[in-house]
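Work through the exercises below with the model open. Try each task before you read its solution.

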Amino acid sequence: MHNEFTCVFERDGDWVIAYSPEIQGANGQGRTKDEARESLASAIALILEHRRDEGLKGLPPEAERETVTVR
C-alpha cells in the first residue's frame, strides 16, 4: 500500500517540529528534518492503525469487508 501525506516542518530552537495537516493530531519532532520526518511517519502509522481498530469494533458478523487502494 502506498500513502503520501504532507509534512510541514517548523523550527523550535534546536528542534524541528513536523506535522501533517491531513492527519489531525499527527506530530513528530527531532534534531534534524530526517528525524522529525521519521517521527511523524511513526505517529501517522499509529493513528491510522488505531482508527482502523476502532472503526472495526462492533461490526456485525454479516458485514462484508474488503480493502480499497487509494492512488
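## Exercise 1: The surroundings of Ser-20

This is a predicted model. List the residues that Ser-20 touches, leaving out those up to four places away in sequence.

Solution. Step 1: collect the contacts. Ser-20 touches Phe-5, Thr-6, Ala-26, Leu-40 and Ile-44.

Step 1: Ser-20 sits in the loop that links strand E2 (15-19) to strand E3 (27-30).

Step 2: classify it. Buried means under 20% relative accessible area. Ser-20 has 4% relative accessibility, so it counts as buried.

Step 3: look for polar partners. The Ser-20 side chain reaches the backbone oxygen of Thr-6 at 3.0 Å. The side chains of Ser-20 and Glu-22 make a polar contact of 2.9 Å.

## Exercise 2: The two faces of E2

Sort the side chains along E2 by the face they point to.

Solution. Step 1: take one face. Val-16 and Ala-18 point there, and both are buried.

Step 1: find bridge partners. Val-16 pairs with Gly-30 in E3. Ala-18 pairs with Gly-28 in E3. For Ile-17, the bridge partner is Glu-10.

## Exercise 3: Building the sheet

Solution. Step 1: pair E1 with E2. Strand E1 (residues 8-12) runs antiparallel to E2, over 5 bridges.

Step 1: inspect the turn. The hairpin of E1 and E2 has 2 residues between the strands, and Gly-13 takes a positive phi near 65°.

Step 2: pair E2 with E3. These strands run antiparallel and are joined by 4 bridges.

## Exercise 4: Arg-71

Is Arg-71 buried or exposed?

Solution. Step 1: locate it. Arg-71 lies in the segment after helix H1 (33-56).

Step 1: apply the cut-off. Exposed means over 50% relative accessible area. Arg-71 has 91%, so it is exposed.

Step 2: check the distance to Asn-3. Arg-71 and Asn-3 are 68 residues apart along the chain. Their C-alpha atoms are separated by 7.6 Å.

Definitions and conventions
Residues are numbered from 1 along each chain as its sequence is written. This is a predicted model: local features need pLDDT of at least 70, side-chain atom pairs count only at pLDDT 80 or more; totals for chains, interfaces and linings use all residues. Side-chain values use heavy atoms; hydrogens and water are left out. Buried means under 20% relative accessible area, exposed over 50%, partly exposed in between (1.4 Å probe, protein chains only). A polar contact is a pair of N or O atoms within 3.5 Å; within protein, one must be able to donate a hydrogen and the other to accept it, and residues adjacent in sequence count only if both atoms are side-chain atoms. Contact means heavy atoms within 4.5 Å. Two strands pair if DSSP finds at least two bridges between them.
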